[in-house]
Amino acid sequence: MVSGKGSNPQSRDLILQLVERILSAPKARPILVNGAVRKGERLMPPSALEIALRATFPMSAARVKATERFEIIYPTLKEVALAGSPGSKAMKQVAQQVMSLALKAAGESIPELSKEAAGIFIWSLGQNADCYKHWDKVYEDNLEASVAVLKKLSDEWKELSVKLFPLDPLRETLKNFSHKNENAMSGRPEATRLALVKESDKCCKVLLGKLSRGHGCMKSMAFAVIALAVGAAFLSPNMENWDMQKLSVIFSPQ
């Protein structure tokens with residue numbers, strides 16, 4: 001009703017007016033986010049998120065006056081759609097549903113839509129580790145979408161990686177992708193698919209490198225913490241005889 005060729009402009013305008021009026025109310029955003037789920041029903045189900053997503057990020061030729069209005073309300077609608085208790089059974093189910101629609105949109109040749117959908121897809125990975133398993137299963141049938149997701153992960157690693165802890169499922173998934181890419185390249189696929197496989201393989205290697213460096217840093221930090229703990233235990237009986245000046249000498253570079 002609000003997007004697509006068959007949408008009715010008058011109906012779309014009425015719906016937008018209603019949503020805009022609701023969102024203009026004082027404290028509308030926190031009220032909607034906190035009340036995103038009532039009696040097991042979501043105020044903004046995944047299907048509604050998909051409608052809002054496509055209405056906000058259409059093809060350039062399909063943009064209409066209403067598109068700008070959707071761009072204004074979309075962030076709040078998205079926040080309401082993805083609101084909930086992290087790790088809960090309900091959120092894991094939502095993540096699986098959202099993942100499917102996001103993967104489909106990420107594979108479409110609409111840059112802004114693909115980028116936004118890739119971000120939503122990554123959100124689903126952080127909510128439910130089972131989403132990695134599903135991604136692994138459908139990877140080869142959704143290569144273009146997967147490349148979009150991998151690129152976004154690579155480009156925005158610092159911001160996105162903290163939302164995906166623990167990172168082990170991602171590491172294993174990337175290794176699986178690399179293996180599949182090797183098999184695909186040895187099979188001499190047609191040019192377009194080969195380009196996607198190579199791009200995916202490049203992203204996987206970059207991400208695995210980032211994960212490897214991060215894992216090394218975590219191990220070093222763990223050893224440092226252990227060393228400090230042992231040192232503190234050893235020195236604790238005589239701690240009153242130490243002062244900050246002496247400690248600074250110990251830890252200062254020679």
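Student: Which residues does Asn128 touch, not counting residues up to four places away in sequence?

Tutor: Contact here means heavy atoms within 4.5 Å. By that criterion, Asn128 touches Lys92, Ala95 and Gln96. Before we proceed, note that this is a predicted model, in which local features need pLDDT of at least 70 and side-chain atom pairs count only at pLDDT 80 or more, while totals for chains, interfaces and linings use all residues. Residues are numbered from 1 along each chain as its sequence is written, and side-chain values use heavy atoms, with hydrogens and water left out.

Student: Where is the place of Asn128, and why does Asn128 count as buried?

Tutor: Helices are DSSP runs of H or I with at least four residues, strands are runs of E with at least two, and both are numbered from the N terminus. Asn128 has its place in the loop between α6 (111-127) and α7 (130-138). As for burial, a residue is buried under 20% relative accessible area, exposed over 50% and partly exposed in between, with a 1.4 Å probe and protein chains only. Asn128 counts as buried because its relative accessibility is 5%.

Student: How many helices and strands does the secondary structure of the chain come to?

Tutor: There are 12 helices and 2 strands. Read along the sequence, they follow the pattern α-α-β-β-α-α-α-α-α-α-α-α-α-α. Of the 254 residues in the chain, 35% are buried. Among contacts with a separation of 6 or more, 69% involve residues 24 or more positions apart. Accessible areas come from the Shrake-Rupley method with a 1.4 Å probe, and for residues only the protein chains shown count as cover. The chain exposes about 15,700 Å², of which carbon and sulfur atoms supply 59%.

Student: What span does helix α1 reach from its first C-alpha to its last?

Tutor: The expected span of a helix is 1.5 Å times one less than its number of residues. Helix α1 (residues 9-23) has 15 residues and reaches 21 Å, close to the 21 Å expected. The N-terminal end of α1 is capped by Asn8, with a side-chain oxygen 2.9 Å from the backbone nitrogen of Gln10.

Student: Which residues are buried in α10?

Tutor: Helix α10 (residues 168-186) has 19 residues and spans 28 Å, close to the 27 Å expected. Its buried residues are Leu170, Arg171, Thr173, Leu174, Phe177, Ser178 and Asn181. They lie on the same side of α10 because they cover an arc of only 160° around the axis, the arc being that of the directions from the helix axis to the C-beta atoms. Glu182 and Ser186 are exposed on the other side of α10. Arg188, which follows α10, has a positive phi near 55°.

Student: How many aromatic pairs does the count come to?

Tutor: Rings of Phe, Tyr and Trp (its six-membered ring) pair if their centres lie within 6.5 Å; planes under 30 degrees apart count as stacked, over 60 as edge-to-face and the rest as tilted. The count comes to 4 aromatic pairs. One of them is the edge-to-face pair of Phe57 and Tyr74, at 5.4 Å centre to centre with 90° between the planes. This pair links distant parts of the chain, with Phe57 in the loop between α3 (46-56) and α4 (65-81) and Tyr74 in helix α4, 17 residues apart. Both Phe57 and Tyr74 are buried. Phe121 and Trp135 also form an edge-to-face pair, at 5.0 Å centre to centre with 75° between the planes. Here Phe121 lies in helix α6 and Trp135 in helix α7, 14 residues apart. One aromatic cluster is formed by Phe121, Trp135, Tyr139 and Phe177.

Student: What is the length of the polar contact that joins the side chains of Glu116 and Tyr74?

Tutor: A polar contact is a pair of N or O atoms within 3.5 Å; within protein, one must be able to donate a hydrogen and the other to accept it, and residues adjacent in sequence count only if both atoms are side-chain atoms. For Glu116 and Tyr74 the contact is 2.7 Å. Glu116 is placed in helix α6 and is buried, with a relative accessible area of 17%. Leaving aside neighbours within four places in sequence, Glu116 is in contact with Leu53, Phe57, Tyr74 and Lys78.
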